[in-house]
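I opened this model to look up a few local features. My notes follow in the order in which I took them.

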Amino acid sequence: GGSGTPARPRMVNVPKTRNTFCKGKECKKHTPHKISQYKTGKASIYAQGKRRYDRKQRGYGGQTKPIFHKKAKTTKKIVLRLECTKCKAKSFLAIKRTKHFEQGQEGKKKKGDVMF
């Protein structure tokens, strides 16, 4: 691992679109992509691990598997979901850890800046 905390920006601002390589069958070149933030889907109750866990939990005997409590991280890595505007192929791109993430807004203006 790294030593100490890296000097990371307090706010990460990502544009709504970006021109980047598309791995899709018909593209295989740089195309405009729509960017959104990846969200974890709802966990299925039919997934094998969930079925096994529920089976193990039933009856007497308390909690059968460890529940993780010693959480050390305060941030998660931001994952961007890139969708090709041409062929609709989706890909994911993990960026660095940050507490604040925003999309498309202009950052807070400095007091000295004058807007024309």
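**Cysteines**

I searched for disulfides, and the structure holds 0 of them. A disulfide here is a pair of cysteine sulfur atoms within 2.5 Å. Cys84 is in no disulfide, and the nearest cysteine sulfur, that of Cys22, lies 3.8 Å away. Cys87 is in no disulfide either, with the sulfur of Cys22 as the nearest cysteine sulfur at 3.6 Å. I then looked up burial: Cys84 has a relative accessible area of 0% and is buried. Cys87 counts as buried at 17% relative accessibility. The classes I use are buried for under 20% relative accessible area, exposed for over 50%, and partly exposed in between (1.4 Å probe, protein chains only). The accessible areas themselves come from the Shrake-Rupley method with a 1.4 Å probe, and for residues only the protein chains shown count as cover.

**Basis of the entries**

I note that this is a predicted model, in which local features need pLDDT of at least 70 and side-chain atom pairs count only at pLDDT 80 or more, while totals for chains, interfaces and linings use all residues. Residues are numbered from 1 along each chain as its sequence is written, and side-chain values use heavy atoms, with hydrogens and water left out.

**Chain layout**

I went through the secondary structure and found 1 helix and 6 strands in the chain. Their order from the N terminus is β-β-β-α-β-β-β. Helices (H or I, at least four residues) and strands (E, at least two) are DSSP runs, numbered from the N terminus. The chain has 116 residues, and buried residues make up 17% of them.

I asked how many salt bridges a search of the whole structure finds. The search finds 1. The term means a side-chain nitrogen of Lys or Arg within 4 Å of a carboxyl oxygen of Asp or Glu. The pair is Asp54 and Lys50, whose side chains meet at 2.9 Å, N to O. Side chains of opposite charge can pair when their charged atoms come close. Asp54 and Lys50 are separated by about one helical turn because they are 4 residues apart in helix 1. Asp54 is partly exposed, with a relative accessible area of 32%, and Lys50 counts as partly exposed at 34%.

I also looked for charge patches. Arg51, Arg52, Lys56 and Lys65 gather in a patch of positive charge on the surface. Patches are made of residues with over 30% relative accessible area and no salt bridge, with like charges joined within 9 Å and nonpolar side chains (Val, Leu, Ile, Met, Phe, Trp, Tyr) within 5 Å. Lys and Arg count as positive and Asp and Glu as negative, while His and the chain ends are not counted. The place of a charge is taken as NZ of Lys, CZ of Arg, CG of Asp or CD of Glu. Arg52 counts as exposed because its relative accessibility is 53%.

**Lysines in loops**

I listed backbone angles next. Lys28 has a positive phi of about 50° although it is not a glycine. Lys28 belongs to the loop between strand 2 (17–21) and strand 3 (30–37), and with a relative accessible area of 56% Lys28 is exposed. Lys88 is not a glycine either, yet has a positive phi of about 65°. I place Lys88 in the loop between strand 4 (77–84) and strand 5 (90–97). Lys88 is partly exposed at 47% relative accessible area.

**Distances across the chain**

Lys88 and Lys34 are 54 residues apart in sequence and 9.4 Å apart in space. Lys23 lies in the loop between strand 2 and strand 3 and counts as exposed at 69% relative accessibility. Thr98 is in the loop between strand 5 and strand 6 (100–103), and is buried at 5% relative accessible area. Thr98 and Thr74 are 24 residues apart in sequence, with 9.1 Å from C-alpha to C-alpha.
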